[in-house]
Amino acid sequence: QMLVISESTDKLATSIAGNSIVGVMLYGIIIGDYAVMGRLSAITMIPNIILLVIGIMGARHSGQKKTYVATVYGCIAVQLAITLLLIFGDPTKIDLKSFGFLIIALNGIRNIGSNMMIPMMADCTDYEVYRSGHYVPGLIATVYSFIDKLISSFATTVVGAFVAVIGYKNSVPQVGDASTPEILMITILLFCGMPILGWIASIIAMKFYPLTGEKMKEIEDSIAETQQKNAVKA
């Protein structure tokens, strides 16, 4: 339950921030150079791989939960820096090197957290075997997949509702539209505010998620012991 809450709030927030309409407002209207979005996407691949390898090494040492929570705090810190840059800086004169570094760091750290979800699902499967003796990976995967698809479709609705508030009722923002305080406010809310709220919800959910690295070692030892006893009986 805690993993589903954490994943769903993360997914909703990041799907909203990554929506194409939000990208148009941020890069095509506020910054005024929509091509920057494509360039940043192209150069994030290698940093993402490097950070992911570091994250996997950390998870092997400290456990998935600790690594995931660390990435959430990292994402909040970077997203706050981006928020301050957009609020107190002149978006049309943003230093794209520093802004690009923040975006690359954000995507890389977020990618680590996203890749922790699958092994954490496996942890939940092992925990259910340990707790009740029931092996239910299909049920856990189905719930996860259902929530993922539901949230992905809902994100577009949320974005549409917010842009309608600032006057885009029969159309969507287009590259080259005039930048207004209302567009800046909504963009900051969707691109920065929503993810931060989602990550805060994840931190709260993880407070009640018991599967630490130490607990998983206990679970693995218990399952191995049970399997050994069953093999002896057979």
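1. Surface. The accessible surface of the protein comes to about 12,700 Å², with 66% of that area on carbon and sulfur atoms. Areas come from the Shrake-Rupley method with a 1.4 Å probe.

2. Basis. This is a predicted model, where local features need pLDDT of at least 70, side-chain atom pairs count only at pLDDT 80 or more, and totals for chains, interfaces and linings use all residues. Residues are numbered from 1 along each chain as its sequence is written, and side-chain values use heavy atoms, with hydrogens and water left out.

3. Overall fold. The protein has nine helices and zero strands. Helices (H or I, at least four residues) and strands (E, at least two) are DSSP runs, numbered from the N terminus. The C-alpha trace spans about 75 × 35 × 25 Å along its principal axes. Of the 234 residues, 40% count as buried, meaning under 20% relative accessible area.

4. Helices 3 and 4. The axes of helix 3 (residues 35–43) and helix 4 (residues 45–62) come within 4 Å and cross at roughly 40°. Axes are lines fitted to C-alpha atoms, for helices over the stretch in contact, and angles run from 0 to 180 degrees between N-to-C directions. Helix 3 supplies S41, A42 and I43 to the contact; helix 4 supplies M45, I46 and P47. Contact means heavy atoms within 4.5 Å.

5. S8. This residue sits in helix 1 (residues 2–17). At 15% relative accessibility, S8 counts as buried. A polar atom of the S8 side chain lies 2.8 Å from the backbone oxygen of V4. Leaving aside neighbours within four places in sequence, S8 is in contact with I147 and I151.

Note on methods
Buried means under 20% relative accessible area, exposed over 50%, partly exposed in between (1.4 Å probe, protein chains only). A polar contact is a pair of N or O atoms within 3.5 Å; within protein, one must be able to donate a hydrogen and the other to accept it, and residues adjacent in sequence count only if both atoms are side-chain atoms.
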